[in-house]
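Thank you all for making the time. I would like to walk through one structure this morning, and I will ask you to keep the sequence and the model in view while I talk.

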Amino acid sequence: MRFPLALTAKIAGHIIKHKLRKTPKFAMVLQLEPLHTCNLTCTGCGRIREYSTSLKDMVPLEKCLQAAMDCDAPMVSICGGEPLIYPKIEELFAGLLEQKRIIYICTNGMFMRKKMRDYMAADYSRGMETKLQALLKAELVTEKEAEVIRKSDAAARSKVVIRPSQWMYWNVHVDGLEFTHDLIVEREGVFKECIEAIKMAKILGYQTATNTTVYKETEVQEIEDMFKFLSSLDVDAHTISPGYEYDAAKKDMVKRLGKQPEDFFLTRKMTRQKFARIQEWSKAFTIIGTPMYQEFLAGKREMTCTPWAIPTFNVKGWKAPCYLMTDGHYDGYQEMLSKVQWEKYGVVDGVARDPRCEHCMVHCGYDPSGALGTNYQRGDNWKNFKYNFWPKPPRYERGHEVKAFNGFSIGKGHLAEAKAAINNPRAAMNGAQSVFQHREEPHEHNGSEGCGSGDKSQRDELLAKITARKDA
């Protein structure tokens, strides 16, 4: 099977139950944001800007668990912000597991290894020592960290931790290969840490997934190379979605980065060009998403958005109408369902009901439509059955040949030449600015370089120092 039988059966049973009851609207996935604080400032993410006045606020653990009960979605995606910053993340995980939810912890990967070391310390045994030796050999833990795990005290052993489970996935944000990903998250070295965290998770027996957003300058070949590389690491599943210019992200793009949203985000036409091969990729890699949604992305059919199927709960309540657009927050889930005028949103037969929806083709709005039979066409049920129950695509054995580490790891990150110029007056005299110029000038793409648009503040500061030295 493409996905574990227990998970597939749970979701299918949930849909069938509500179809038999003729429930007009019900939740498939809860997007649970216990906080909006984050350690990164990813380009294209509007969360920490939209909720800038409430970044210190957190949803109490009890309210998080109650939200899951209220909407009763079979799957909960814990996101944010960075959810591993949430002080009660372990207790939240344990509580949702007790409720028998499928859990995705959506993380940028920077704190994953720390959380997994906590698990190792809590469960240290002879069997864990074997895994610890494998991690040491792969240089995924240090000797010092290994000793801390081995010498865990009563407090460490009694700590609530995030253990491997058939109901849980680490869902790691990966927006391309190293150069591209680090540029989009606006910090060098993040891609390397993500990959090391994924490798550690697989050795320890966790299920792993990745989520990727595709932007205007993301090259199609790089997406395929990324899938090949991740497949060779035995990543279990992938979510991929087009970048959409929702309000908070657009405002940040203009105000903070001085860029126009149309230079970064995708229109519908661009999305269909970027995702023309999505059906090929889904045959070769374990991509999460219904065949109908993939046809929609490739421009082979129209679909109607079902935003109520993936509701969002955060520090201000139930966010509506969807994960990306905010016209209000509601205290209760049923209140949101009844008060939001859902017919005002989405695109029907290619015509946007709300101008903000015109270019949106994001998975959180359209993927559930494929599972729920919205815009049903003859044969769709068979497509869904076949996609889920046919054999899982094989591991891509040559993925190690992909030049995934094409930036920071080999000294060619997006700040590399500027940093070199600071440390080398001769380089400064010569300008040393090509790493920035190549983002703006026409150039040949060879598939090894990533594209995207990052925060200019750090590199502009470095370039200012270069200019000052040249003037001196």
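Let me begin with a term: a residue is called buried when its relative accessible area is under 20%. Please also bear in mind that what you are looking at is a predicted model. With that cut-off in hand, take N39, which has a relative accessibility of 18% and therefore counts as buried. N39 sits in the loop that runs between β1, residues 29-32, and α2, residues 47-50. If we set aside residues up to four places away in sequence, N39 touches E82, I85, N108, M110, F111 and R187.

In what order do the nine strands of the open sheet lie? The order is β6-β5-β4-β3-β2-β1-β7-β8-β9, and the pairing is mixed. At the edges stand β6, residues 237-242, and β9, residues 326-330, each of which has a single partner strand, so one side of each is left without a neighbour in the sheet. From one strand to the next, the twist averages 25°.

Next along is β4, residues 168-173. How many of the six residues of β4 are buried? Six of the six are, so the strand is largely enclosed by the rest of the structure. Both faces of β4 are covered, with M168, W170 and V172 buried on one side and Y169, N171 and H173 buried on the other. As for its partners, β3, residues 102-107, pairs with β4 in the parallel sense over five bridges, and five bridges also join β4 to β5, residues 207-214, which runs parallel to it.

Let me turn to the aromatic residues. A search of the whole structure finds 16 aromatic pairs, and I will describe two of them. The rings of Y293 and F296 have centres 6.3 Å apart and planes at 35°, so this pair is tilted. Y293 and F296 are three residues apart in helix α15, residues 291-297, and are therefore separated by about one helical turn. Both are buried, Y293 with a relative accessible area of 2% and F296 with 0%.

The second pair is W382 and W390, where the ring centres are 5.5 Å apart and the planes stand at 85°, so the pair is edge-to-face. Here W382 counts as partly exposed, at 48% relative accessibility, and W390 likewise counts as partly exposed, at 39%. These two tryptophans, together with F385 and F389, form one aromatic cluster.

Finally, two cases in which a charge sits over a ring. R2 lies over the face of Y387, at 3.9 Å from the ring centre, while the charged end of K10 sits over the ring of W167, 5.9 Å from its centre.

That is where I will stop, and I am happy to go back to any part of the model.

Conventions:
Residues numbered from 1 in each chain as written. Predicted model: local features only at pLDDT ≥ 70, side-chain atom pairs only at ≥ 80, totals over all residues. Heavy atoms only, no water. Helix = DSSP H or I, 4+ residues; strand = E, 2+ residues; numbered from the N terminus. Buried < 20%, exposed > 50% of the residue type's maximum accessible area, 1.4 Å probe, protein only. Contact = heavy atoms within 4.5 Å. Pairing = 2+ DSSP bridges. Axes fitted to C-alpha atoms, helices over the stretch in contact; angles between N-to-C directions. Phe/Tyr/Trp six-rings, centres within 6.5 Å; stacked < 30°, edge-to-face > 60°. Lys NZ or Arg CZ within 6 Å of the ring centre and 35° of its normal.
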